[in-house]
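Here's a quick briefing to read with the structure open beside you.

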Amino acid sequence: MTRVPNPPTYHPGPAAQPVPAEEIRGRIERFRRALRDRGVAGALLTHRPDRFYLAGTTQEGFLWIPSAGEPELWILRDPTRAARESPVRVVPVGSGRDLWQRTARAVGEGAVGIAADVMPAAWLGRLGSDRWEDVAPDLLGLRRRKTPWERERMAGVGRTVARVYEYGAARLRPGVTEAVFAAELFAEAVRWGHEGRLWSRGTFEAYPWHVVAGPNTLAAGAVDTPMPGVGRSPAFPVGASDRPIHEAEPVVVDFGISVGGYQTDQTRTFCLGPAPAWLADLHRALLDVHRTAAALLRPGVQAGEVFEAALRRAEALGIEGYLGPPERRCRFVGHGVGIETVEPPLIAEGSREVLAEGDTIALEPKAVVPGLGGAGVEDTFLVTADGPVRLTPMPQELWGVERGPTTGDP
């Protein structure tokens with residue numbers, strides 16, 4: 001008879017250190033003020049990133065935050081681990097039916113706050129009340145303003161990314177496919193603490209292996225970006241493909257990483273051997289646009305002003321027409337980032353969102369030259385009263401890579 005060993009004791013690694021209790025309590029209290037302003041009995045949070053932000057755990061279940069009274073985590077599995085990870089009171093529940101019964105009792109006759117952008121429509125009828133308020137804007141507004149603890153987490157992720165990009169520069173060689181190169185970057189990122197996935201909101205599908213090279217930087221695709229990539233099949237027609245990478249062509253690496261629940265977003269352009277003149281010129285102009293826009297990332301500036309400054313600089317440099325083919329011209333140059341890949345504010349045409357101290361923004365001008373290819377540069381910045389602080393410390397220039405050995409990779 002085979003002896004089954006006892007299950008190992010749960011042991012969090014360095015990236016799994018819990019969110020400090022004082023962080024959680026401060027977030028909950030700020031969120032409560034928004035709930036009281038809306039006049040709701042409380043908020044029911046079902047989306048994992050929202051529960052992580054307000055409770056520090058993502059174990060399966062719901063988070064109930066009343067306008068007055070003690071918050072509770074109603075956990076299906078695993079309540080024991082949830083209690084280790086969160087300072088919020090954990091209540092074990094036995095079934096999904098129990099979850100909804102608790103919801104109905106908690107809400108009573110009052111209105112309930114929900115994150116309507118991420119709660120399934122089929123769940124609305126199970127709330128126990130037909131009165132609900134969308135509190136997602138309030139919560140996302142709180143999440144924009146990163147605390148000192150969160151800022152340090154994101155700075156640490158940026159340092160991790162720098163190691164991964166340096167590794168990529170050493171591994172890039174003629175003949176390796178986009179997909180294999182992306183997989184090598186992914187494995188190195190995991191070695192340094194990457195959790196292997198990127199949280200995102202709504203229908204946007206974030207993934208951490210966006211590598212696009214040569215003519216594939218011109219291909220149409222399913223993501224709102226100048227160079228979505230072609231992917232490996234119609235089932236996932238974006239990102240890295242099975243095309244081999246060649247010398248003297250752009251290799252655009254847009255590689256997101258998440259450590260301990262926090263992300264940064266960044267892009268660098270590589271080239272094997274000497275870069276052709278068109279690529280060097282395009283990248284130089286994009287870097288100029290990037291720095292022009294970054295200088296405006298200060299509290300009180302409207303997001304639309306940052307976009308317009310980037311567009312005007314691109315026009316002055318003669319690359320405005322290259323910010324994506326006419327049929328899919330991009331009308332944004334950046335977005336908030338933190339627990340999820342795309343968060344407010346969006347640095348977009350006409351946006352009146354006002355930047356604030358503590359915003360973390362991924363600024364990402366990218367461009368393509370029809371018939372030749374594309375390039376991009378992206379960094380994550382912290383907005384402060386003293387100016388933007390770059391959290392992604394890799395060199396911004398075009399990454400020229402010495403010609404390495406050819407590869408037999410399929």
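A residue counts as buried here when its relative accessible area is under 20%. Keep in mind that this is a predicted model.

**Helix α2**
- Helix α2 covers residues 48–55, and seven of its eight residues are buried, so the rest of the structure largely encloses it.
- The buried ones are Pro49, Asp50, Arg51, Phe52, Tyr53, Leu54 and Ala55.

**Glu340**
- You'll find Glu340 in the loop that links β12 (332–336) to β13 (343–348).
- Glu340 counts as buried because its relative accessibility is 0%.
- Although Glu340 and Asp50 are 290 residues apart along the chain, their C-alpha atoms are separated by 9.7 Å.
- Beyond its neighbours within four places in sequence, Glu340 touches His47, Pro49, Leu140, Arg143, Trp199, Ser200, Arg201 and Gln263.
- With His47, the side chain of Glu340 makes a polar contact of 3.0 Å.

**Helices α1 and α5**
- Helix α1 (residues 21–38) packs with helix α5 (residues 136–144) at an angle of about 150°, and the axes lie 10 Å apart.
- The crossing of α1 past α5 is right-handed.
- On the α1 side, the contact uses Arg27, Arg30, Phe31, Ala34 and Arg38, while α5 brings in Asp138, Leu139 and Leu142.
- That contact between α1 and α5 splits into four nonpolar residues, four charged and no polar ones.

Conventions
Residues numbered from 1 in each chain as written. Predicted model: local features only at pLDDT ≥ 70, side-chain atom pairs only at ≥ 80, totals over all residues. Heavy atoms only, no water. Helix = DSSP H or I, 4+ residues; strand = E, 2+ residues; numbered from the N terminus. Buried < 20%, exposed > 50% of the residue type's maximum accessible area, 1.4 Å probe, protein only. Contact = heavy atoms within 4.5 Å. Polar contact = N/O pair within 3.5 Å; in protein donor to acceptor, adjacent residues only side chain to side chain. Axes fitted to C-alpha atoms, helices over the stretch in contact; angles between N-to-C directions. Left-handed = near helix turned anticlockwise from the far one by under 90°. Nonpolar A, V, L, I, M, F, W, Y, C, P; charged D, E, K, R; others polar.
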